[in-house]
Amino acid sequence: MKISPWREPWLWAVTVFSLLLAVPVLLIFTSVFIPQKELWQHLFATVLNDYVYHSLLIAFSVGGLTLLLGTSLAWLVARYEFAGRGTLQWLILLPMAMPAYILAYTYTGMLDVAGPLQTHLRATFNWTYHDYWFPDVRSVGGAILMLSLVLYPYVYMLARTAFSEQSASFYEASRSMGVSGFGYFRRVAFPLARPAILTGTALAMMEAFADYGTVQYFGISTFTTGIFRTWNGLGNAIGAAQLAAVLTSFVLVILLIEKHSRRRLRYFHQGQKQNSAKRLTLTPVSALWAVIACLLPVSLGFIIPCAQLLTWAAERATTQIDSGFIDLIWNSFYLAASAALIAVGLALLFAYAKRLRSHWLLNSQVQIASLGYAIPGTVIAIGAMLMLSAADDALNALTESLFDTSVGLIFSGTLVALLLAYSVRFLAVALHNVEAGLQRIKPSMDDAARSMGLSSFAVLKTVHIPLLRASVLSAILLVFVDVLKELPATLILRPFNFNTLAVRTFELASEERLQDAAVPAIAIVLVGILPVVLLTRALESGKDR
C-alpha cells in the first residue's frame, strides 16, 4: 500500500509555517476589495501621478545604470589581466555594505550648500552662492545615483560568474570566424551571460522600488513614501495596504518581464570539463584605465563616504556614545540575531522537507513562502500589521467575553510583528544558502543513516547539520546584517519607544544632524562588511581562473 506523503510531520509543519508567512502578503491583495473611494479620488487629484512616475523612473533608471556598471566591471575583471585585478575584484563588492539611505545622508552633508566642498569653492574663488552652478544631490537624479552605487554589485556578482564560466571554445570559435574584441562581447559573451545579468538587474530594480530612506530624505514622492503618509498621516491602514498592493504589482511585473525575457534562452556546455578562456593582458595605458574604471564606483560608493562618516564619527563619538547608544546596539543586535535564527530555522525546515519528499504542492508552498525577498519591506510591514492587529482584536474580544478584561496588544504592539516581517522578508536569503549546502550532501548518506534505524530528525541532527555548519553560519550572518540595515519595516512595526541603529540614523539625518547620525551609521556599515567578505570568498572558491 502506498503511503501518503502527508503522513510526514515535516510536510504539515511546512504547510503551517508557509501559510503563516504568506498571510501578510495575501492580506495586502485582499485589501483592494474594500472600497476607499474618497482616498483614491484624493490621490488621483493630487499625488498619484508623482508616485507612479517617480517610482518607475527611479526603478528603470537604476536598472539601466546598474546593468551598465555591473556588466562592464564584471567583463573587465573576468576577461582581462591587469595590475591590481586580484584586489579590485573584491573591492568592487564593498558598496554592498553601504545602505543607500546612509550614502544619501553622507553625500548631502558633503555636497550641500553648507557642505565642505561648496564652502571651499566659495572661499577659494571668492564666489557667492549665485555666482556658480552646482548639481543638487537632493533630486531624482541624486536618488538614482545613490541607489545605483550600492546596487550595481547585484549585477556584477552574477555577471562575473557567468563570464568566468564561459568556455574557451566559444572564444576560439569566434576568433576563427573573425569575431573578436567588442564584437565577441556583443555577439557571444553578453548573450551567453544575459540570463544572469537580467536576474541581477531585476534584483536591483526591486530594491529601488522598495527604497524608503533615500527618497524620503530627498523629498521625492514615490509609492513607499505614499504608503507611509497614508498610514501615519491619514491614519488609513486599508488605503496604505491598497497602495502597497499597487507597488507589489509593479514588482511582480518586473519579475514576469525578467522571466519572459529569458524564456527562450537555453545554453548548455558540452562535456564535463570546461576550460575558461584565458584572460587577455592589457597594455600599461589600458591597464591604468581599467584600474580607474574599477576604482571609481568603489570610491564613490564606499571609500569616500566611509571616510567622511569616520571623520564625523570621530568628532562626535564622545557626545553620541553613551548608555543610550549602547541600548541601540543591544536592541539592534538581539533583534537581528533573533530574526536570523528564526529565518534560518525555517529555511532548514523547508529545505529538509523538500529533500525528504519532493512533491509539487510542497515545492509550491516553499516557493510562495520565499517570495518575500522580492516584496518591499514596507509592503510586508503593512500586511504583518493588518494580520497581527486582527489577531489582537480577536484575542481581546475572547478575553473580554470570558474574563471581562482586555490583554492589550500582544502581537501587533510587540517585537513579534517585527520578527514576522523579517522572517517573511529574508527567508529567501537563508533558504538559498541552506539549499545550496544540502545539494552538496549525497543522498546516499541519507540512505545509509536511515538504514541504521535513524529517524528523519536524527538524520538531520547527526548527519546534515554538522555538514551544513558553514552554510548555516553564512545564512545567519547574511540575514543578521540584512535585518540590521532594514529601515521601512522597522519604522512601521517597532514597539513604542524602541529604537535601532537604522532608525536612529534615519531620525538624526531627518533632523539634519548629519554628523551625529555618522556614529550609528558607521556601526551599520562596518558590520555590513562581513557578508561582503563571505560573498568574496564564495566567488573566489568558484570558477574564477
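Trainee: Which residues of helix 19 are buried?
Mentor: This is a predicted model, so keep that in mind. In helix 19, the buried ones are S456, A458, V459, L460, V463 and H464.

Trainee: Switching topic: how many disulfides turn up in the whole structure?
Mentor: The search finds 0. Take C294: it is in no disulfide, and the nearest cysteine sulfur, that of C306, is 20 Å away.

Trainee: Is C294 buried or exposed?
Mentor: C294 is buried, with a relative accessible area of 0%. C306 is buried too, at 8%.

Trainee: OK, now helix 14 and helix 15. At what angle do they pack?
Mentor: About 160 degrees, with their axes 10 Å apart. Helix 14 covers residues 323-356 and helix 15 covers 360-369.

Trainee: Are they roughly parallel or antiparallel, then?
Mentor: Roughly antiparallel, since angles over 145 degrees count that way.

Trainee: Which residues make the contact?
Mentor: On helix 14, F350, A353 and K354. On helix 15, L362, N363, V366 and A369.

Trainee: Is the crossing left-handed or right-handed?
Mentor: Helix 14 passes helix 15 in a left-handed crossing.

Trainee: Let's look at backbone angles. What is phi of N126?
Mentor: Near 55 degrees, which is a positive value in a residue other than glycine. For background, most residues other than glycine have a negative phi.

Trainee: Where is N126?
Mentor: In the loop between helix 6 (116-125) and helix 7 (140-164). N126 counts as exposed, at 69% relative accessibility.

Trainee: What about phi of E512?
Mentor: That one is near 65 degrees, again a positive value in a residue other than glycine. E512 sits in the loop between helix 22 (501-510) and helix 23 (514-540).

Trainee: And what is the relative accessible area of E512?
Mentor: It is 43%, so E512 is partly exposed.

Key: Residues are numbered from 1 along each chain as its sequence is written. This is a predicted model: local features need pLDDT of at least 70, side-chain atom pairs count only at pLDDT 80 or more; totals for chains, interfaces and linings use all residues. Side-chain values use heavy atoms; hydrogens and water are left out. Buried means under 20% relative accessible area, exposed over 50%, partly exposed in between (1.4 Å probe, protein chains only). Helices (H or I, at least four residues) and strands (E, at least two) are DSSP runs, numbered from the N terminus. A disulfide is a pair of cysteine sulfur atoms within 2.5 Å. Axes are lines fitted to C-alpha atoms, for helices over the stretch in contact, and angles run from 0 to 180 degrees between N-to-C directions. Angles under 35 degrees count as roughly parallel, over 145 as roughly antiparallel, 65 to 115 as roughly perpendicular and the rest as oblique. A crossing is left-handed if the near helix is turned anticlockwise from the far one by less than a right angle, and right-handed if clockwise. Contact means heavy atoms within 4.5 Å.
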